[in-house]
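Take a moment with the sequence and the fold before reading on. The paragraphs below go through them step by step.

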Amino acid sequence: MKTLEELKNEDLPRCEFSRILKGETTKENKACIQEYLNEFVTPTIDRKCISCGSDLVGFLGTFRWGIEYGEGFCRECGYPARAIHCIENKDNETILKTNFFVMQYHPNTLELQE
Ligand SMILES: [Zn+2]
């Protein structure tokens with residue numbers, strides 16, 4: 001298992017629109033979605049936890065729901081993730097909504113709790 005400090009030093013790529021979404025949308029919507037995605041790392045193809053390497057999703061997946069709606073974490077190491085996404089544009093209209101798509105937060109968006 002990696003520490004948050006180690007993960008921050010890895011300079012992991014932030015999630016990019018083209019890596020997880022197909023199709024076209026307006027330039028404005030794309031900018032809103034990308035801004036939202038910047039909070040997360042690009043999910044690996046095998047969907048492993050970036051901290052401990054466990055399989056996050058699937059039959060024996062380690063993702064567990066947290067208390068806050070849509071939020072969760074890896075059961076093995078506690079690394080936070082979000083699985084329900086609702087992205088709005090500048091006019092507060094929903095432009096993208098997912099039911100279950102686990103994305104782990106980018107380490108640079110996290111701080112250790114005291
Ligand atoms: Zn983990």
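**Strands first, then the helix**

Strands S1 and S2 pair in the antiparallel sense, over three bridges. Bear in mind that this is a predicted model. Within the pair, Trp65 stands opposite Gly72 in S2. Strands of a sheet pair through backbone hydrogen bonds, and the sense can be parallel or antiparallel.

Gly72 lies in strand S2. Is Gly72 buried or exposed? Gly72 is buried, because 20 other C-beta atoms lie within 10 Å, and 20 or more is the cut-off for a buried residue. Set aside its neighbours within four places in sequence, and Gly72 is in contact with Phe63, Arg64, Trp65, Gly66, Ala81 and Ala83. Gly72 and Ile84 are 12 residues apart in sequence. In space, their C-alpha atoms are 9.5 Å apart.

Two other strands form a hairpin. S4 and S5 pair in the antiparallel sense over four bridges. Cys86 has Lys97 in S5 as its bridge partner. Five residues lie between the two strands of this hairpin. In the turn, Asn92 has a positive phi of about 60°.

Now step back to the whole chain. How many helices and strands are there in the chain? There are three helices and six strands. Along the sequence they follow the pattern α-α-α-β-β-β-β-β-β. The radius of gyration is 14 Å, close to the 13 Å that the globule rule gives for 114 residues, so the chain is as compact as a globular protein of that length. The C-alpha trace spans about 40 × 30 × 30 Å along its principal axes. Of the 114 residues, 20% count as buried. Contacts reach along the sequence too. Among those between residues at least 6 apart, 46% join residues at least 24 apart.

Next comes helix H3, residues 27-37. Its buried residues are Cys32, Ile33 and Leu37. Seen down the axis of H3, these buried residues fall within an arc of 135°, so they line one face of the helix. On the other side of H3, Lys27, Glu28 and Glu35 are exposed. What do the buried residues of H3 pack against? They pack against helix H2 (17-20), strand S4 (85-88) and strand S5 (94-98).

Last, look at the largest nonpolar core. It has 16 residues, and Cys74, Tyr79 and Ala81 touch the most other members. Two elements give two or more residues to this core: H3 and strand S2 (71-74). The largest share, three residues, comes from H3. Leaving aside neighbours within four places in sequence, Tyr79 is in contact with Cys49, Ile50, Ser51, Phe73, Cys74 and Gln104.

Key
Residues numbered from 1 in each chain as written. Predicted model: local features only at pLDDT ≥ 70, side-chain atom pairs only at ≥ 80, totals over all residues. Rg over C-alpha atoms; globule rule 2.2 N^0.38 Å. Buried ≥ 20, exposed ≤ 12 C-beta atoms within 10 Å, placed from the backbone. Contact = placed C-beta atoms within 7 Å. Arc of directions from axis to C-beta. Core = buried A, V, L, I, M, F, W, Y, C linked by C-beta atoms within 7 Å. Pairing = 2+ DSSP bridges.
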